Amino acid sequence: MNFTYFIFFLAILSGTLIITHWAAKRGTTTHQYYSAAGQLTGFQNGLAISGDYMSAASFLGTTGAIALRGFDGFLYSIGFLVSYLLLLFVIAEPVRNLGQFTLGDVIARRFPGKKMRLFIASSTLIITILYIIPQLVASGLLIRLLLGTDYAASVFVIGSLMTVYVVFGGMIATSWVQIVKTVLLMAGTLLLTLIVLARFQWHLPSLLETVSRGTPLKDHFFYPGNLFTDPLEAFSLSLALILGTAGLPHILIRFFTVKDAPAVRQSVVTAIGIIGSFYLLTLLLGFGAVALVGWQQIVSVDPTGNLTAPLLALTVGGDFLMAFIAAVAFTTILAVVTGLLLSATSSFAHDVYNCVLKNGSATEREQLRVAKLTAVTIGFVSTVLSLGLESVNVAFLVGLTFVVAASTNLPVLLMTFYWKRFTATGVVTGMLSGLCVSLLFVLYGPHLLGKIPLYNPGIVAIPCGFLGAALGAWLSRGQVDEAHFDTLALQGQTGMYPPDLNKEVTGWKY
C-alpha cells in the first residue's frame, strides 16, 4: 500500500466523519433528518446536487471512455448535462411546491391513498438499490486497485461509511459531504486540465494532433461510431441519460432542502454550470491521457479505461497528485452512495411506516428510529449483494437505473403536473409497464440471455412507460377530478394554495 495514498484517504475519511458528528447534533427532527429543514441556500444545494450526480462513473468512466473511444465517449457527458434542462423547466419547481420529504408526497398530493404511497415507495427502493449496487462494486474494485486492499474489505468499508453518514447525520451530513466532494472534484479536475494544457503550451491544436497520432483510431477518434456502431444504440442511450435524471429519486428529494421556488431555480442553474464545466474538463482529460499517458499504456493497465484519470495524474504529477485524485474518487463514491441510501431510507420511513402503517400518526422519535433502522438494513443488504458481484460486469445496472427512472417516474410526474385527465390508474399502469419492459429487455438482452440484440432498451421502455400511463388514464376516465387538478396546478407552478389546503401541508408555506 502506498503511504501517500493512505494519508489522503485517511484525511478524507476523518473530514467526512467530523461533518457527520456535527450534523448529528442538528438532525433531531424529521424535517432536519429528511430535508435539512429546508435551510440550504440555492447555491449550496446546487453544489450538493452536483455532488449527488457526478458519480465515480462520471469522473473515471467518462474520462476513460473518451480516451479509448473518442467522440462516442463524450455522448455520456452530453446526455448527463442536457438532462438538467428538463429538470429546470418542467420538473423541479412543481416537485418542491407539492412535496415535503419524498416523491410519494408529490404524487399523493393529487392521488392520495395508502396504496399509491406504497407503490411510489416501492419504485423508489428499486431504483435506488439498482444504483447503489454498481456504485459499491466499482468502489471495491477501485480501492483494491489503488490501495491494494481486499475487494470485500473495500466494499464493506464504503458500505459501512455510507450507512454511518445516513444513520447519524441524515440529509444535513449527506448534503455537506456532497458539497465537499464537489469542491474537491472540481479542484482536482481543473488542476489536471491546466497541467495538461500547460504541457502543450496552451495550444489546443497541438494537443489534438498528438491525440490523433497516439490512438489506433487515428482521425476517426473525433468522429462517431467508435463505441456505438449502431446509431439506434447511441440514440437509445442518449434518450435514457437525458430523460432518466428527471426521474431519479435521490436527485428529486434535493429540492426539498431549500426554502422556496427561487432557491430551486438557483439550485438547478448552479448544478448546470458546475456539471457542464466538469464534463468539458473530462473531455480535455481524456485527450490529455491519450497524448501524455498513451493509449496502449491505458489499455494495458485497465482495458475498461476506468483508471485513465489516476494514470494521467501519476504521469503529470507523480504520487502526490495521484493520491489526491484517488482521494477525490473515493469522496465521489461516498457522496453518491450516501445520497442514494438516504433516498431509499426516507421513502420507507416516511411513506411506508408513517403514512401507510401509522396513518400519519407516528411520533418524531418513532420516525427517526425507523429511518435509522431502515438505513442500516438497506446498507447491509446492498453491501452483501455487492460482495457477491466482484467478477460480474454490473455496468449495465447503471444504464438500467436511468431507463427505469425515465420509464416509470418521469411519465407519472409529467402527467401528474400537466395533464388534467390523468388518473391514479394511469400512475399504476404507467409505472408497471415501464418497469416490466425495462426488466424484460435486460433479462433477454445481450447482458444476460442474449435473445434481444439491444444493449440500451430506453428507446422501447420509455415510450412504453408513457403509453401505459396514457392508456391507463384513458381507460379510467371516471376517476378525473378536474377541480382538484386546477388547485394543485396553481400550487405546483406558483407555490400558492387556497386556505382549505393549508391543513394538508406541514412544515412550510410559500
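Residues are numbered from 1 along each chain as its sequence is written, and side-chain values use heavy atoms, without hydrogens or water. Because the model is predicted, local features need pLDDT of at least 70 and side-chain atom pairs count only at pLDDT 80 or more, while totals for chains, interfaces and linings use all residues.

Rings of Phe, Tyr and Trp (its six-membered ring) pair if their centres lie within 6.5 Å, with planes under 30 degrees apart counted as stacked, over 60 as edge-to-face and the rest as tilted. The count by this rule is twelve aromatic pairs. One of them is edge-to-face because the rings of Trp-22 and Trp-176 have centres 6.3 Å apart and planes at 80 degrees; this pair links helix H1 (residues 3–24) to helix H8, across 154 residues. Helices here are DSSP runs (H or I, at least four residues), numbered from the N terminus.

Trp-22 is partly exposed at 34% relative accessibility, where buried means under 20% relative accessible area, exposed over 50% and partly exposed in between (1.4 Å probe, protein chains only).

Glu-233, in helix H10 (residues 231–244), is buried yet has no salt bridge, and the nearest side chain of opposite charge, Arg-69, is 14 Å away. A salt bridge would need a side-chain nitrogen of Lys or Arg within 4 Å of a carboxyl oxygen of Asp or Glu; for charge, Lys and Arg count as positive and Asp and Glu as negative, with His and the chain ends not counted.

In helix H9 (residues 204–214), the buried residues are Leu-207, Thr-210, Val-211 and Ser-212.

How values were computed:
Helices (H or I, at least four residues) and strands (E, at least two) are DSSP runs, numbered from the N terminus.
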